[in-house]
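Subject: Structure handover and findings

Hello,

Please look through it first, and then read the notes below it.

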4 protein chains.
Amino acid sequence: MTQIDPITGLEVVDHDSIDDAMQPEDTPELRALYEGFEAEHLMPLWTQIDDLMPMYPSPKAVPHVWKWSSLYPLARKSGDLVPVGRGGERRAIGLANPGLDGRAYISPTLWCAIQYLGPKETAPEHRHSQNAFRFVVEGEGVWTVVNGDPVRMSRGDFLLTPGWNFHGHHNETDQPMAWIDGLDIPFSQQNDVGFFEFGSERVTDYATPRYSRGERLWCHPGLRPLSGLQRTVSSPIGAYRWEYTDRALTEQLLLEEEGVPATVEQGHAAVRYVNPTTGGDVMPTIRAEFHRLRAGTETPTRHDVGSQVFQVFEGTGSVVLDGTERELERGDIFVVPSWVPWSLRAEGQFDLFAFSDAPIIERLHFNRTLIEGDNR
Amino acid sequence: MTQIDPITGLEVVDHDSIDDAMQPEDTPELRALYEGFEAEHLMPLWTQIDDLMPMYPSPKAVPHVWKWSSLYPLARKSGDLVPVGRGGERRAIGLANPGLDGRAYISPTLWCAIQYLGPKETAPEHRHSQNAFRFVVEGEGVWTVVNGDPVRMSRGDFLLTPGWNFHGHHNETDQPMAWIDGLDIPFSQQNDVGFFEFGSERVTDYATPRYSRGERLWCHPGLRPLSGLQRTVSSPIGAYRWEYTDRALTEQLLLEEEGVPATVEQGHAAVRYVNPTTGGDVMPTIRAEFHRLRAGTETPTRHDVGSQVFQVFEGTGSVVLDGTERELERGDIFVVPSWVPWSLRAEGQFDLFAFSDAPIIERLHFNRTLIEGDNR
Amino acid sequence: MTQIDPITGLEVVDHDSIDDAMQPEDTPELRALYEGFEAEHLMPLWTQIDDLMPMYPSPKAVPHVWKWSSLYPLARKSGDLVPVGRGGERRAIGLANPGLDGRAYISPTLWCAIQYLGPKETAPEHRHSQNAFRFVVEGEGVWTVVNGDPVRMSRGDFLLTPGWNFHGHHNETDQPMAWIDGLDIPFSQQNDVGFFEFGSERVTDYATPRYSRGERLWCHPGLRPLSGLQRTVSSPIGAYRWEYTDRALTEQLLLEEEGVPATVEQGHAAVRYVNPTTGGDVMPTIRAEFHRLRAGTETPTRHDVGSQVFQVFEGTGSVVLDGTERELERGDIFVVPSWVPWSLRAEGQFDLFAFSDAPIIERLHFNRTLIEGDNR
Amino acid sequence: MTQIDPITGLEVVDHDSIDDAMQPEDTPELRALYEGFEAEHLMPLWTQIDDLMPMYPSPKAVPHVWKWSSLYPLARKSGDLVPVGRGGERRAIGLANPGLDGRAYISPTLWCAIQYLGPKETAPEHRHSQNAFRFVVEGEGVWTVVNGDPVRMSRGDFLLTPGWNFHGHHNETDQPMAWIDGLDIPFSQQNDVGFFEFGSERVTDYATPRYSRGERLWCHPGLRPLSGLQRTVSSPIGAYRWEYTDRALTEQLLLEEEGVPATVEQGHAAVRYVNPTTGGDVMPTIRAEFHRLRAGTETPTRHDVGSQVFQVFEGTGSVVLDGTERELERGDIFVVPSWVPWSLRAEGQFDLFAFSDAPIIERLHFNRTLIEGDNR
């Protein structure tokens, strides 16, 4: 693939096409030098610069689709065989990117798992530096208790557990429930930033209110309680309800029909979940969005620095990942590693939840995007 | 009044109690010097420092209450006698602080007026650097058209017209309607920052939608459209609806009853209207809030740097301004000049809209507050 | 003067050229209405909108030049006749804008005074909310003691006393010394934000070090002490020395000669004094800069929102203020009120110190600039 | 080691001491489940949570000291055997942390290398997303040309090449020169954010000025050119000269002697290199500082989240890394992985250059520090 520099617009000259003036002759002296390096825990740049500093992001992670029709039965089966409780902490099954050496990383920065809680079960409380969210593609009946505030989980809801907040879950019903978890575990593990602390073995409040205290304080559009005027690192909202997300997307498409600029691009409505104290991302490491494509819409092919994960919430369509089209159905999850070209195609109306490591990339100023065919 | 320094906690020594070592003897030479000053447009500090640099804010503006029962009939009468239209622009009657030399300033920074629009009338479009809002204490039937977006005005709504947005109003009904306007006209005039431009003599869109386009894009709690990811100087929300404000306050008082920290202080619920792109004030010069006191609540006596204006929305109670208690009813408006001690007392449930110049004061780091009896 | 809107580029239609549809017939009923307004402390907008909301900034302040050759002798004379000390606090003589009703305001926001301290005199310590600086056009021998840190004052130095820092001055020598003071006294007085506190009658430290402690900690380019990592509201640097200012300007002109972009515009070098903890203005209300024009340079005619004051430091030239050219010599001070067109002309090399209220204007987003002949 | 939670102050309960309620019985059904996981690229959390989410940071990277007396001869030898030029790009030898599986990473985020340039050699120009700096422990005679601006490199200087700036080096002299490079290559590689572009094979300007253009514009304390008022992502200063660093540290210790708070702690002076447009770190991913300990000073034992690298610039002393003391001499380099306890001991006056990934850690809000014996 010829690579065009997104900033200069010029063709990229690859390392491989360069005459390497620096590869020295293999002599006994050179071997002695290299042995000296090894003895002193040194490694020359000139033998590995292609790998260390590629011309453009060349992730080991690969694009991949996990089918909900395969995931869910395995989760249910683990519900039969594996108890939930202290020690293992969560009946969560991580999606392991096939390119990442058997680690449970969906990308170098992100963890994504399906979590399953059987009837009347409780997952014990703990807290950790890692930032976490949950998104519910189906079901209801579980409350997650975050720092003592019980938060109902229902289809379409996006739920937050920012770093260092105690949290546990319990299922009030006679039905099991599954959802996806997203965390920054790989980033945290790679960079050695994580702390963990055990909490109560039972959740600290078994109440089952329709709305959590955080929502009751914070979910009034354009309003802020005077008791909460500080900027907080993460959002104080525990649950972003489907009813609001759905309404926001519906309005964007209606406005578009009325000729008002409201969508990202023709036929493509989208919202970002934000921290109301700043207007920015919900947590310092994870961005979350919801996208709705009108039937028949195709998005332009994009390359983005950073990794992104999508889950189909409703509808059918497909994703083109690095030139290969994959059909998608409700619940299917796919990952787009850094700079891999991707686009979406909607057969009927197509609803997708999305999360990414964009706050990491942007705060460190590594963000770049190339939209093919875009001459802006 | 003995003044206690809010930072040091020590008694303030006043200029007047100081032996003035600098007042020179009145000699012909001194008179010649002072004449020389005058000829050269100079004025010595030593003769006027008490006035220029008082020990604590000593506003010329005075605390004052305007009764809605007097205001409204005068506004209605002006509806009979004064046409609305190009030139005068608005049938708005400014509240003139009795201490401010006959200027239509409610405080050194703020303008507050009652505006009146008769049946089927239109106020023509214009724009200006001055930031403006409206608050509706009663009535409905007018739409304000802001940059082409028609915004319904109804009781309890708070409506924005940030600087340099074209806007006009029209009354769709057979009933007149009145509301209050708040602007930074005095600040703008004192500091010579204002521009003004005439627009269309008729509003550019006579549609009467229930919700404006800005609301449809922006009023979904915790969500932001991907088509609007920039931080904007002022809020993109044209109308903050009463239904949300009321619900937010109701929830704060319910949470307080449940033992959850949610109110500013016992029995005192309050929200601030904010710009969802930042979490900060709606406009760069004006803060707006809504306060609800539970029956029987008395707030502690406060001194704040900057000027504040309140309008009673519902209920009865009183305000103590610099030691004097004044009864308040629906629609009554009062001003608290800088550093004047004030507290509120609620007879029944007591709802008040409030606005102030706090963003000016805070952005320039002049903010201080002294709460009497508060040893924090 | 035909006014062109700097944003739209269109000719501005003035209030006066508008047929005023709103001026009602003068009837007994109308007079009764207006009497009702007066009784209730109300004033209609429609009779005064031209004054309250002009088409573009129409300051009462006028452009004016004060000659150092007149100022200095009056200051010296006041040194003979007026003692310095507690009560009057400072032997400072304010420049009173001829348009501002006999108040000692050089502009609606800014105070500028010449201060004079005789041999061996001490000006007592105090502190106030008002932000202050000093600039030294000639002389040396005084130390200003800011929060206990003695700061030498010498020709070309720019010295800070941010709000609420104790400060006093003393003259170590047998020669008098004069300098200019700049403060936000008018802004503070108009908006009722000022506090004042007396301190020691003698300065708290009579040491006369060459460099203050603040300079020794902070004046190392690109370096910050680990003991001072917080962002502070105002700069921690007490003195910005002439040697650095001069070198910075010299380098800019040399770089320009070498073809490197370094100056504001051809022949015009300029630096802004900044707070090293933020890179922004030295104090929240006052911007300070130093400008150097190469001989023969003329700057384009500008209109800026906000008020600016300049003092000639060295060289000769002129300023064109609202179309009128005024010759300038060392020490001369002139004010440019808001939106008044101005440009500079350098006869020889021309050095000017400048200060303004730009941080107020910019933080509140009222800033606009129109450069004549500039079609950007 | 008993671990105390730095926030709660309580003893940390480890995963290992917990009765694991979740480890299911090893049955054929369970094995079938686990095979199902593998087939679908899934991995359960409950078998690996100890590794993924440790109780506190448990880096694979180990503390290690590289001796300059070993490093430098190997670099010199590579100068004899390995040509410098296009392809390999730099004669740089990376310090490979013994815990990091043979990759040339000194920590999970940072790269540190010794770079060697022989007499009259040129390292060709290129640019990359990775942020880079150089620090010179000895020697002189090389100029690094950054975006066309030649920057002299001399002992004690800290030099910047922020991301996506073209840069090359050339040695003007008949003597070789070596220095250390620091980059965010590991972070960039792990997270797939890097772009690379070849530039000129010869540097674009062979001039050898004493001060670069960036220094001439920007290195005037407290001053900013009006031609450069934007906040930039990285510092515009290409070289932070030793003379300034040395003077800043000297002043801190003198001020400490005079009883003025100026040092980080008793006997420990330190400066941070900063971006003058913001007052913050020089680049978005790398912090750089210089520390000077008075003879005999011992710093308290600290644990910090994130990884840090030090190079001894002058003097002798030791570092205690995870309880083990290591002697240090001029040029020695050591790494402190995340949360590893460390302290410094100065025999004579002890000067150390330091860099870290703190901007990454802080911008993502993972920063924590525990100072042993500190009850603040």
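The notes below go through the chain pairs, their interfaces, the strands and the salt bridges.

Please keep in mind that this is a predicted model.

**How the copies are related**

As background, two copies of a chain are related by a rotation about an axis and a shift along it. Here, chain C can be laid on chain B by a turn of 180 degrees and a shift of 0.0 Å along the axis, with an RMSD of 0.0 Å. That is the relation of a two-fold axis. Within chain C, the C-alpha of C:Arg363 is the one nearest the axis, at 3.3 Å from it. Both copies use the same surface, since 100% of the contact residues of chain C recur in chain B.

Chain D and chain A can be treated in the same way: a rotation of 180 degrees with 0.0 Å of shift along its axis superposes chain D on chain A, and the RMSD is 0.0 Å. In chain D, the C-alpha nearest the axis belongs to D:Arg363, 3.3 Å from it. Of the interface residues of chain D, 100% are also interface residues in chain A, so these copies meet through the same surface.

Which chains do not touch? Chain A and chain C do not, and their nearest C-alpha atoms are 16 Å apart. Chain B and chain D are likewise joined by no contact, with their closest C-alpha atoms 16 Å apart.

**The interface of chain D and chain A**

In this interface, 101 residues of chain D are in contact with 101 residues of chain A. The area buried between chain D and chain A is about 8700 Å², and carbon and sulfur atoms give 69% of it. Three residues, D:Asp192, D:Phe195 and D:Phe366, supply 9% of the area that chain D buries against chain A, more than any other three residues.

How many salt bridges are there between chain D and chain A? The count is two. A:Glu29 forms a salt bridge with D:Lys77, with the closest N and O atoms 3.3 Å apart. There are also 19 residue pairs in polar contact across the interface of chain D and chain A, both residues being at pLDDT 80 or more. Helix H3 (residues 68-81) of chain D gives the largest share of the side of chain D that touches chain A, namely six residues. By residue type, that side of chain D divides into 55 nonpolar, 26 polar and 20 charged residues.

Strand E3 (residues 92-95) of chain A and strand E1 (residues 42-44) of chain D run antiparallel and are joined by three bridges. In this pairing, A:Leu95 stands opposite D:Leu42 in E1(D).

**The interface of chain C and chain B**

For this pair, 101 residues of chain C are in contact with 101 residues of chain B. Together, chain C and chain B bury about 8700 Å² between them, 69% of it on carbon and sulfur atoms. Two salt bridges are found across the interface of chain C and chain B. C:Lys77 and B:Glu29 meet through their side chains in a salt bridge, at 3.3 Å from N to O. Polar contacts between chain C and chain B come to 19 residue pairs, both residues at pLDDT 80 or more. On the side of chain C that touches chain B, helix H3 (residues 68-81) of chain C gives the most, with six residues. That side of chain C is made up of 55 nonpolar, 26 polar and 20 charged residues.

**A sheet with strands from chains B and C**

What is the order of the strands in the open sheet of seven strands? It is E1(B)-E3(C)-E4(C)-E11(C)-E6(C)-E9(C)-E14(C), with antiparallel pairing. The edge strands are E1 (42-44) of chain B and E14 (239-240) of chain C, each of which pairs on one side only. Three bridges join E1(B) to strand E3 (residues 92-95) of chain C, and B:Met43 has C:Gly94 as its bridge partner in E3(C). Further along, strand E6 (residues 132-135) of chain C pairs with strand E9 (residues 158-161) of chain C in the antiparallel sense over four bridges. There, C:Phe135 stands opposite C:Phe158 in E9(C).

**Salt bridges over all chains**

Over all chains, the count comes to 107 salt bridges. In one of them, the side chains of A:Arg292 and A:Asp351 meet at 2.8 Å, N to O. A:Arg292 lies in strand E16 (residues 287-293) of chain A and A:Asp351 in strand E23 (residues 350-356) of chain A, so the pair ties together parts that are 59 residues apart in sequence.

Regards

Key: Residues numbered from 1 in each chain as written. Chains lettered and ligands numbered in written order. Predicted model: local features only at pLDDT ≥ 70, side-chain atom pairs only at ≥ 80, totals over all residues. Heavy atoms only, no water. Least-squares fit on C-alpha atoms with pLDDT ≥ 70 in both. Contact = heavy atoms within 4.5 Å. Buried area = accessible area lost by both parts, 1.4 Å probe. Salt bridge = Lys/Arg side-chain N within 4 Å of Asp/Glu carboxyl O. Polar contact = N/O pair within 3.5 Å; in protein donor to acceptor, adjacent residues only side chain to side chain. Helix = DSSP H or I, 4+ residues; strand = E, 2+ residues; numbered from the N terminus. Nonpolar A, V, L, I, M, F, W, Y, C, P; charged D, E, K, R; others polar. Pairing = 2+ DSSP bridges.
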